[in-house]
Amino acid sequence: MRSFYHYMMRYRGNRKNDEEKQLAEWMFDDHSFPKQAKSYDEISRYLEWNAPFPSALAVFDRLYEKYLIEEE
């Protein structure tokens, strides 16, 4: 299973500037983001302290569910 960060890189460069793209771009630019993490708890703790926009945690929750399904 690849890391959540690597999963999220599919959303970078989307033509539509949606929240998924915003989160992926922020993760790419944030050099402290836990890029090897696969654990929900580790990533959500990081986002709780460093969320780039108000709905980032909700976007993460939604995408993490997709990540688990697609990476099984």
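**Fold and packing**

Guide: Over residues 3–68 the chain is 61% helix and 0% strand, with the end C-alpha atoms 11 Å apart. Keep in mind that this is a predicted model.

Visitor: What does UniProt list for residues 3–68?

Guide: The UniProt entry, which is unreviewed, lists them as "domain: YozE SAM-like".

Visitor: Aromatics next. How many aromatic pairs does a search of the whole structure find?

Guide: The search finds 14 aromatic pairs. Take F4 and Y64: their ring centres are 5.6 Å apart and their planes are at 45 degrees, so this pair is tilted.

Visitor: Where do F4 and Y64 lie?

Guide: F4 is in helix α1, residues 4–8, and Y64 is in helix α4, residues 56–71. The pair therefore ties together parts that are 60 residues apart in sequence.

Visitor: Are F4 and Y64 buried or exposed?

Guide: Both F4 and Y64 are buried. Y7 and Y11 make another aromatic pair, edge-to-face, at 6.3 Å centre to centre with 70 degrees between the planes.

Visitor: Why edge-to-face for Y7 and Y11?

Guide: Because planes over 60 degrees apart count as edge-to-face, and the angle for Y7 and Y11 is 70 degrees.

Visitor: And what is the relative accessible area of Y7?

Guide: Y7 has 0%, so it is buried. Y11 is buried too, at 12%.

Visitor: Which residues do ring pairs link into a cluster?

Guide: F4, Y7, Y11, Y40, F60, Y64 and Y67.

Visitor: Switching to charges. What sits over the ring of F28?

Guide: The charged end of R12 does, 3.6 Å from the ring centre.

Visitor: Tell me about helix α2. Which of its residues are buried?

Guide: Helix α2 covers residues 19–29, and E20, K21, L23, A24, W26 and M27 are buried there.

Visitor: What covers the buried residues of α2?

Guide: The cover includes α1, α3 (40–50) and α4.

Visitor: How do the axes of α2 and α4 cross?

Guide: They come within 10 Å and cross at roughly 95 degrees. The two helices, α2 and α4, are therefore roughly perpendicular to each other.

Visitor: Which residues meet there?

Guide: From α2, E19, E20 and L23. They meet A56, V59, F60, R62 and L63 of α4. F60 also belongs to the ring cluster.

Visitor: Back to E25 in α2. What does E25 touch?

Guide: Leaving out residues up to four places away in sequence, E25 touches R12 and G13. The C-alpha atoms of E25 and G13 are separated by 8.2 Å, though the two are twelve residues apart along the chain. At 21% relative accessibility, E25 counts as partly exposed.

Visitor: And S55, where does that lie?

Guide: S55 is in the loop between α3 and α4. Its relative accessibility is 24%, so S55 counts as partly exposed.

Technical notes: Residues numbered from 1 in each chain as written. Predicted model: local features only at pLDDT ≥ 70, side-chain atom pairs only at ≥ 80, totals over all residues. Heavy atoms only, no water. UniProt positions renumbered as here; feature names shortened; annotations may be inferred. Helix = DSSP H or I, 4+ residues; strand = E, 2+ residues; numbered from the N terminus. Phe/Tyr/Trp six-rings, centres within 6.5 Å; stacked < 30°, edge-to-face > 60°. Buried < 20%, exposed > 50% of the residue type's maximum accessible area, 1.4 Å probe, protein only. Lys NZ or Arg CZ within 6 Å of the ring centre and 35° of its normal. Contact = heavy atoms within 4.5 Å. Axes fitted to C-alpha atoms, helices over the stretch in contact; angles between N-to-C directions. Parallel < 35°, antiparallel > 145°, perpendicular 65-115°, else oblique.
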